[in-house]
Amino acid sequence: MSSGYCKKFGKDTVIFATKEDHATPSNIELPPPEPAQGIITKDGEINWSCPCLGGMATGPCGVQFREAFSCFHYSEAEPKGSDCYEAFRTMQDCFTEYPTVYNKSGGSGDDDEDGPGLDLSSMEDIKEDEKAAVEASTNQSLEKVK
């Protein structure tokens, strides 16, 4: 028989367990982990908490980034995103106001390897044309910052 017990301390409950309590294996089954979502959810919505965005959706220009990316994602214009020029222009203008945030190389040199916080390589669920548009937009913004 187990000699462990519980004691309440305000809002906390402390469970005291003995060596005997841990002698028998647990019979609790955990549910299988949910598959990780990419940039686009199963229902076609944008997953703003995707690590592949590298914080772009929550940084100082997060609102502008989300508006531009949403515009492009939901665009039905031909060519895709051609109706989003103003949203991308606003986002780029914001990027130039925060060069230390959106230019990881600190603005010195021509080192494009560091790039913005956006990691496009892990965006498996995003369409190639959307990747290209976001990449081109952020690269243009970085060029203006340099």
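Rings of Phe, Tyr and Trp (for Trp, its six-membered ring) form a pair if their centres lie within 6.5 Å; planes under 30 degrees apart count as stacked, over 60 as edge-to-face and the rest as tilted. In this structure, ring pairs link Trp 48, Phe 65 and Phe 69 into a cluster. The structure is a predicted model, in which local features need pLDDT of at least 70 and side-chain atom pairs count only at pLDDT 80 or more, while totals for chains, interfaces and linings use all residues. Residues are numbered from 1 along each chain as its sequence is written, and side-chain values use heavy atoms, with hydrogens and water left out.

**Aromatic rings**

- A search of the whole structure finds 4 aromatic pairs.
- One of them joins Trp 48 and Phe 69 edge-to-face, with 5.9 Å from centre to centre and 70° between the planes.
- Trp 48 lies in the loop between strand 2 (12-16) and helix 1 (62-74), and Phe 69 in helix 1, so this pair ties together parts that are 21 residues apart in sequence. Helices (H or I, at least four residues) and strands (E, at least two) are DSSP runs, numbered from the N terminus.
- Phe 65 and Phe 69 form a stacked pair, 5.8 Å centre to centre and with 20° between the planes.
- Phe 65 and Phe 69 are 4 residues apart in helix 1, which puts about one helical turn between them.

**Accessibility in the cluster**

- Buried means under 20% relative accessible area, exposed means over 50%, and partly exposed is in between (1.4 Å probe, protein chains only).
- Phe 65 is buried at a relative accessible area of 1%, and Phe 69 is buried at 2%.
- Trp 48 is partly exposed, at 27%.

**A charge over a ring**

- The charged end of Lys 80 sits over the ring of Phe 72, 5.5 Å from the ring centre. The rule for this asks that NZ of Lys or CZ of Arg is within 6 Å of the ring centre and within 35 degrees of the ring normal.

**Disulfides**

- A disulfide is a pair of cysteine sulfur atoms within 2.5 Å, and by this rule the count comes to 3.
- With bonded cysteines counted along the chain, the disulfides follow the pattern 1-2, 3-6, 4-5.
- Cys 50 and Cys 52 form a disulfide with sulfur atoms 2.4 Å apart. The link of Cys 50 and Cys 52 is right-handed, with 125° about the S-S bond.
- Cys 50 is buried at 8% relative accessibility, and Cys 52 is buried with a relative accessible area of 3%.
- In the disulfide of Cys 61 and Cys 94, the sulfur atoms are 1.9 Å apart. The pair links distant parts of the chain, 33 residues apart: Cys 61 is in the loop between strand 2 and helix 1, and Cys 94 is in helix 2 (residues 85-97).
- The torsion about the S-S bond of Cys 61 and Cys 94 is about -90°, so this disulfide is left-handed. Both Cys 61 and Cys 94 are buried.
- Cys 71 and Cys 84 form a disulfide, their sulfur atoms lying 2.1 Å apart. Cys 71 lies in helix 1 and Cys 84 in the loop between helix 1 and helix 2, so the pair ties together parts that are 13 residues apart in sequence.
- The link of Cys 71 and Cys 84 is left-handed, with -90° about the S-S bond. Cys 71 is partly exposed at 23% relative accessible area, whereas Cys 84 is buried at 1%.
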